[in-house]
Amino acid sequence: MAEHRRSPDESTQQPAGERGLLGRRRVLGYVLAAPTLAVGVSWIAGSADPRPADAAVPSLPQPEEIFDLGDLQNLAAAPTSGLISVELKTDGTAYFAVPRAEVGQGMTTAIAMIVAEELDLPMDMVTIGLADARPELLMNQLTGGSNSMRSMYLPVRTAAAITRQRLVDTAAAHWGVSAGKLTTRGGVVSGPSGRTATYGSLTRAAASSRTIKVSAELKPQSEFRVLGRPHNRVDAHDIVTGRKQFGMDMEVPNAKPTMVARPPTINGTVKSVNNLAAIRAMPGITDVVPITHGVAIRGETFGQCIDAIQMVEATWGPGTVDGESDATVLAKLRAAQLPMAVPPLLSNTIDAEFVFAFASNSPLEPDCAIADVTPDRAEIWASLKVPIVAQEDIAKQLGLPIDAVKVHVIQGGGSFGRHLFHDVAAEAAEISQKMGKPVKLSWSRTDNFRQGRVHPMCTSRVRVNYLAGNVLSYEQRHTSVETDFGHGLGEMITAFAADLPVGGNLSFAETIFALSQSSPYNFGVTTQLLNEVPLKFNTGSMRNIYSPNVVCAEELVVDRLAAKFGQDPMRFRRNFLKDKRLLAVLNKAAEVGRWGKAMPKGTAQGVAVHAEYRGAVATLVEIDCRPETVNRPIRDGVSGPRVTKAVIVVDPGFCINPRGLEAQMIGGLQDAIALALTSSLHIKNGMPLEGSWDDYFYTRQWNTPQDVQVVIMPNTSDSPSGAGELAVAPAFAAVACAYARATGTMPTYFPINHGTLGFEPLPLEPSTPQSPTDGLDHTF
Amino acid sequence: MATHTFTLNGKQISVEAEGNVRLLWVLRDLLGVTGPKYGCALEVCRSCTSHINGKAFNPCSVQVKDIEPDDEITTIEGLPATVGKDLHPMQQAWLDNDVSQCGYCQPGQIMAAVAKVKQAHAEGHEITDADLDELRNICRCGTYSRIREAIKAGAQDM
């Protein structure tokens, strides 16, 4: 998911809201009717994240500079945020069921820190759960657009602050003293003459038999003891001991392992199965039924399901893109490119086109879901970023009322955009309904690459006109295979379309593009436009939507412009950047990364900048493209150029957890290295050729830099920026720029190794290959 | 169906299974030992990495009939007991460096790291960057930098 690319200078902006004498901010909420203290919060639209319009700059503000996608999500969330609540248990612990998905991004840790801070409670007394699908929250239950911390930060602080205030007031009334004389620390209220009471001892008395409106003051930043300091993940111990439960680890009674034999083209169907009885008779197999996109097989072990897949003899129906291959898709994209508005200035024009191959957003945990469907109800367990839409769609598919379908959100082993879609949960429901039994469905690794979600192939054309040391115009025409936004953001857009500064007949994708893309440079007349080709691949976001590709293309052209102007890339960016925060991170990266140092031939530095989600990042990398590095022998893998060093400088607005932010920056870098150098899908006759991690070359240890430094700038705002996707675009661009400088050739097709197929493709049938048996020959 | 006997995390166990079922499914689906993760069942992603007689291997690619009664299988759940502590030094290093993100690959990463360090020590040298480059375990969250730091730190205490 993407968001705006501007980071307005917020250092002079104060958040909206009423302030008391000490600069404290007063907030409102509700003590809910409950036996122990429970606080719900209401929050006012927009105040969580104020956004000033830009001052006049040589380039006119593009739409996203005035109103960005995050603002849109905040606006849609505002009327319903009031329904989230913090509960204080009798053992003194606080519980908050966050209406978001945890897929590795560290959201639960950050939310626990926020609760601990405002409630003056130790971290180990805060429990964060993941809320089931809650239809009453409407679109305030979507994890995406790097928006979780931006939209949840103030509501969660508010609920925790009111909880604390209510406990203090209760103790004050009990002791007959003024609340102002009481203090809180470590889950204990302390009063005059040494009196103390634990939160747990106060929670029943603090509860209310009816819902009442109350207010409290937020802690000023100067008193923060938890927020802004490094904290390790709350689930780290469970992870390293193997206790953390993912979907595949859950025990639901009689939900037996289930897999699907699939057709040899994307979204293919089943015409007939010729040997159902034989498959049903195989060892360990309990059920076999044809479903929409394959033949579902349920058994005692996943291994026996894989055995059975080898035996399926079926006649398959066509898929949705059967005739398509890389070359046919590229031809369609080129035919759909929108024209440039400004004619070329002959010798003072740069025209460039960049092509980005299909890429897989598959996480490491294979797609999975548990479903238990009976004639009158259904229960689903899955990692879902938009559980409400899943609940609505699955209810419709099963022919059940929405309230008869319970959807539990469980911890996911990564997502990167995949879990915005509930197709796997819906397929589990279909299978469970048809078999009349609970199922634990897992897609195989090969299913994930071949039938899973892909980031669409796209082209980015750029034309720049320049004269006498100035850039007169910058035009970018991005053309992409259609991105599927069917996961429900559309409801927000529809609901709030009247309030949008962009209006009229723009399609949803064009709206997202316009809200998320803009150039950070003073390049005169600037236009960036999107067109889409409606091909029915299974597409989706992939740790952002457009920015990694758009920014990579733009920054490569910036380096070419710098060369035309006879300027070093660093100096050129300093001269043309219009964003102070970007300039600050750029300068820091140059200093820490020692820009311009002497480098051996065949190696080079590259630098790029990017602002989005109200954050700003500069990335400086060093790359080694010498033959001895490029041609390192790696068994069943690709070596190629190696990024040897990376410096990432990030301005996150307000940093909640430096440790978590640093982790997001490191992860984004590794994604970027893969996108620039090694990882892509090759489409041939309606199917990706890739089928395992030794085909789809995501970054491995032999590709990763040995020296990675993350620098977090001092806070420039009271509000956190988004972080989950922030690092990918500038790192992708920096690696591409470094490669161009090291080799003297500007790459135009990504990843750079796409033209060479570095593996022997697995067969298309059976759709899941048999597991090896020689594992004991490879011990170490 | 046959009965298969071996040592799992220090205990002698017996399990009924078809002989061709890969050990990963015997562990996960029949015995409920879920620390080793299913990531590919192709001996590629290495998220199921465990130890057989102290050496790293991938149970997704070994038939249960090939496990001998005197074989000792150790999964992440049994790793601390191999050093008689609540946490193996490598697990502690993982905590100290806050390596994990989603966590799915990390049990396999830790088991591979322990074996790699033992291999280096057996060859009479400390773990090197070249050794680390040989690790094939996928981390799709991209925690590689912290994995490298944690392995070097954990090796100091092994």
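**Notes on the predicted model**

1. Interface of the chains. In chain A, 60 residues are in contact with 58 residues of chain B; two residues count as in contact if their C-beta atoms, placed from the backbone, lie within 7 Å. This is a predicted model, in which local features need pLDDT of at least 70 and side-chain atom pairs count only at pLDDT 80 or more, while totals for chains, interfaces and linings use all residues. Residues are numbered from 1 along each chain as its sequence is written, and chains are lettered from A and ligands numbered from 1 in the order in which they are written.

2. Elements at the interface. On the side of chain A that touches chain B, α6 (236-240), α8 (302-311) and α19 (658-678) of chain A each supply at least two residues. The most comes from α19(A), with seven residues. Helices (H or I, at least four residues) and strands (E, at least two) are DSSP runs, numbered from the N terminus. By class, this side of chain A has 24 nonpolar, 24 polar and 12 charged residues. Nonpolar covers Ala, Val, Leu, Ile, Met, Phe, Trp, Tyr, Cys and Pro, charged covers Asp, Glu, Lys and Arg, and the others, Gly among them, are polar.

3. A sheet in chain A. An open, mixed sheet is formed by seven strands in the order β12-β13-β10-β20-β17-β18-β19 of chain A; strands pair if DSSP finds at least two bridges between them. β12 (285-291) and β19 (405-409) of chain A are the edge strands, each pairing on one side only. From one strand to the next the twist averages 20°.

4. One strand pair within the sheet. β10 (residues 256-261) and β20 (residues 439-442) of chain A pair in the parallel sense over three bridges. Thr258(A) has Leu441(A) as its bridge partner in β20(A).

5. Helices on the sheet. Helix α10 (residues 387-398) of chain A packs on the sheet and touches β17 (368-374), β18 (377-382) and β19 of chain A; its direction makes about 145° with that of β19(A). Axes are lines fitted to C-alpha atoms, for helices over the stretch in contact, and angles run from 0 to 180 degrees between N-to-C directions. Helix α11 (residues 423-435) of chain A lies across β10, β12, β13 (294-299), β17, β18 and β20 of chain A, at about 35° to β17(A).

6. How do α10(A) and α11(A) pack? Their axes are 10 Å apart, at an angle of about 30°. The two helices are therefore roughly parallel to each other, a label for angles under 35 degrees. Residues in the contact include Ile394(A) and Leu398(A) of α10(A), and Ala426(A) and Ala429(A) of α11(A). By class, the contact of α10(A) with α11(A) has six nonpolar, two polar and two charged residues.

7. A helix pair in chain B. The axes of α3 (residues 106-122) and α5 (residues 144-156) of chain B come within 10 Å and cross at roughly 50°. α3(B) and α5(B) are therefore oblique to each other. Among the residues making the contact are Ala113(B) and Val117(B) of α3(B), and Ile147(B) and Ile151(B) of α5(B). The contact of α3(B) with α5(B) has five nonpolar, two polar and no charged residues.

Definitions and conventions
Angles under 35 degrees count as roughly parallel, over 145 as roughly antiparallel, 65 to 115 as roughly perpendicular and the rest as oblique.
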